[in-house]
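Colleague: I am new to this structure and would like a close look at a single part of it. Could you take me through that part slowly, and then set it in its surroundings?

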Amino acid sequence: MDTHAHPTSSRINERLQAQHRGKEFGFLVVEDYERMSPDEYPYVDRYDPIDDLDYEPPTPAEELLRAVQMLRTSVPSLFTTALPTTPDTSRSLLRPFPPNTPRPC
């Protein structure tokens with residue numbers, strides 16, 4: 001159990017390697033996973049704003065994706081989040097989209 005406010009993937013990986021009362025963890029739960037912070041990027045020291053004019057810092061979504069991708073676990077995992085607003089439940093999930101709805105590629 002860890003209650004760190006902004007856990008990183010390396011912190012979670014370290015906690016998963018530790019044993020709790022002599023037993024390995026069998027299930028991982030990350031509540032409000034959007035609080036996860038990315039670890040430091042290995043190439044940050046090499047970034048040069050003069051040489052790399054096309055550089056764009058990662059968006060918060062890209063940082064969160066990277067933090068989750070860096071988790072190294074083989075145990076079942078559950079990631080929870082909180083919706084910022086009340087979801088629109090007026091449209092049934094069983095009703096199909098209209099035929100002219102754009103489809104993702």
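**A close look at Thr 8**

Modeller: The side chain of Thr 8 makes a polar contact with the side chain of Ser 10, at 3.2 Å, and this, like everything that follows, is read from a predicted model. Thr 8 itself sits in the segment before helix 1, and it counts as buried because its relative accessible area is 18%, where the cut-off for buried is under 20%. Leaving aside residues up to four places away in sequence, Thr 8 touches Ser 37, Pro 38 and Asp 39.

Pro 60 belongs to helix 2 and, in contrast to the buried Thr 8, it is classed as exposed because its relative accessibility is 67%, with the cut-off for exposed at over 50%.

From the segment that holds Thr 8 one can go on to Ile 12, which touches Pro 7, Leu 28, Val 30, Met 36 and Leu 71 when residues up to four places away in sequence are not counted. Ile 12 is one of the eight residues of the largest nonpolar core, together with Leu 16, Leu 28, Val 30, Met 36, Leu 64, Ala 67 and Leu 71. Two or more residues of this core come from each of helix 1 (9-17), strand 1 (28-30) and helix 2 (60-69). In soluble globular proteins, nonpolar side chains tend to be buried together.

Some nonpolar side chains of this model lie on the surface instead: Phe 27, Val 29 and Leu 78 form a patch there, with about 270 Å² of accessible area together. Of these, Leu 78 is found in strand 2 (residues 77-79), and it is described as partly exposed because its relative accessible area is 40%, which falls between the cut-offs of 20% and 50%.

To set these parts in the whole chain, there are two helices and two strands, and they follow the pattern α-β-α-β along the sequence. Buried residues make up 13% of the 105 residues, while the chain exposes about 9,100 Å², of which carbon and sulfur atoms supply 56%. Finally, among contacts between residues at least 6 apart in sequence, 80% join residues at least 24 apart.

Methods:
Residues numbered from 1 in each chain as written. Predicted model: local features only at pLDDT ≥ 70, side-chain atom pairs only at ≥ 80, totals over all residues. Heavy atoms only, no water. Patch = residues over 30% accessible without salt bridge, like charges linked within 9 Å, V, L, I, M, F, W, Y side chains within 5 Å. Areas by Shrake-Rupley, 256 points an atom, 1.4 Å probe, with all protein chains shown as cover. Salt bridge = Lys/Arg side-chain N within 4 Å of Asp/Glu carboxyl O. Helix = DSSP H or I, 4+ residues; strand = E, 2+ residues; numbered from the N terminus. Buried < 20%, exposed > 50% of the residue type's maximum accessible area, 1.4 Å probe, protein only. Core = buried A, V, L, I, M, F, W, Y, C linked by side-chain atoms within 4.5 Å. Contact = heavy atoms within 4.5 Å. Polar contact = N/O pair within 3.5 Å; in protein donor to acceptor, adjacent residues only side chain to side chain.
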